[in-house]
Amino acid sequence: MTKVIALANQKGGVGKTTTAVNLGIGLAGDGKKVLLVDADAQGNLTDSLGFHEPDNLSVSLATLLAKTMLEESYEAREGILHHHEGVDLMPGNIELSAVEVSLVNTMSRETILRSYIDSVKADYDYVLIDCMPSLGMLTINALAAADSVIIPVQAHYLPAKGMTQLLQTIARVRRQINPKLVLDGVLLTMVDSRTKFSKDISYILRRDYGDKLRVFNTEIPLSVRAAETSAKGKSIYAHDPNGQTAKAYAAFTKEVQSIGSERRHARQHQTDHSR
Ligand SMILES: Nc1ncnc2c1ncn2[C@@H]1O[C@H](COP(=O)(O)OP(=O)(O)OP(=O)(O)O)[C@@H](O)[C@H]1O
Ligand SMILES: [Mg+2]
């Protein structure tokens, strides 16, 4: 079964896109079929995968969302690009801004992205949606389309206030649109292990939220090599295979895969006991 994961945080620059790339390519390296969906008008995910002029693409997510809204038909694989490290990409670009505006007056405005993803997901084990830094309609659409959410948090800032708002939005989407939505957890990114501040953030997150949500064991280190990857159009595994960040993203990829099996075991356990 396909698992659809949204990478969301309305705070900008926390590592959503970098995580989408390296989790996606990490999963592909483990033999999974992966579609990355760029749901951000900045087109950073598309750019990071080497399609450096996303605004010049003739078909992108905006095209297909517009067709979905108008109930026009499209080819199942229309617009899907392939990256040489083994993942597919539904690119995004500036046209998503216009789509986001027109969603407001559309029927089923929260579930247009879900309809699109439902039409392509059978080909994939994982669909990862890279959200934009806002809690607007496109992010709501991503949460409505997802089975679970991963929240990257940059270890430089105390996330307290923004986190509460994000958790409330997730809870509201779960109540009103997508009851099966779960929060997989929070991923600490850009962790500078030399500073006490990074350690404090990690400690505070685990202390204040640890009983309500998973904080992934893996922390992504701050590294210039990670920051270089988007310009190169490749993953950290290709750019700096022996570095700490590649190791961390590989470990994080394993953690994400283990969540599915934990849940399956828990369900199995429940059904065994209810027999
Ligand atoms: N582990 C890391 N160490 C150092 N720099 C990083 C790391 N991860 C990401 N970066 C850099 O930090 C910046 C923000 O990362 P990224 O684009 O992944 O965040 P984002 O949450 O997707 O941002 P936005 O909210 O704008 O979409 C980028 O320039 C990226 O290259
Ligand atoms: Mg981004």
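Visitor: What are the ground rules for the numbers?
Guide: Residues are numbered from 1 along each chain as its sequence is written, and chains are lettered from A and ligands numbered from 1 in the order in which they are written. The model is predicted, so local features need pLDDT of at least 70, side-chain atom pairs count only at pLDDT 80 or more, and totals for chains, interfaces and linings use all residues, while side-chain values use heavy atoms, leaving out hydrogens and water.

Visitor: OK, the sheet. What order are the strands in?
Guide: The eight strands run β3-β4-β2-β5-β1-β6-β7-β8 in an open sheet with mixed pairing. Strands (E, at least two residues) and helices (H or I, at least four) are DSSP runs, numbered from the N terminus. Two strands pair if DSSP finds at least two bridges between them.

Visitor: Which strands stand at the edges?
Guide: β3 (81-83) and β8 (215-221) do. Each has a single partner strand, so one side of each is left without a neighbour in the sheet.

Visitor: How do β2 and β4 run, parallel or antiparallel?
Guide: Strands β2 (residues 34-39) and β4 (residues 87-90) are parallel, joined by three bridges. Val-37 has Met-90 in β4 as its bridge partner.

Visitor: What does α5 touch on the sheet?
Guide: Helix α5 packs on β1 (3-7), β2, β4 and β5 (126-131), and its direction makes about 150° with that of β5. Contact means heavy atoms within 4.5 Å. Angles run from 0 to 180 degrees between N-to-C directions, with axes fitted to C-alpha atoms, for helices over the stretch in contact.

Visitor: Which residues of α5 are buried?
Guide: Ile-112, Leu-113, Tyr-116, Ile-117 and Val-120 are; buried means under 20% relative accessible area, with a 1.4 Å probe and protein chains only. They cover an arc of only 130° around the axis, which puts them on the same side of α5. That arc is taken from the directions from the helix axis to the C-beta atoms.

Visitor: And how does α3 cross α5?
Guide: The axes of α3 (residues 61-69) and α5 (residues 112-120) come within 9 Å and cross at roughly 105°. The two helices are therefore roughly perpendicular, a label for angles of 65 to 115 degrees.

Visitor: Switching topic: is Ser-48 buried or exposed?
Guide: Ser-48 is buried, with a relative accessible area of 8%. It is found in helix α2 (residues 44-48).

Visitor: What does Ser-48 touch?
Guide: Leaving aside residues up to four places away in sequence, Ser-48 touches Thr-17, Val-21, Thr-229, Ser-230, Gly-233 and Lys-234.

Terms used. Angles under 35 degrees count as roughly parallel, over 145 as roughly antiparallel, 65 to 115 as roughly perpendicular and the rest as oblique. Buried means under 20% relative accessible area, exposed over 50%, partly exposed in between (1.4 Å probe, protein chains only).
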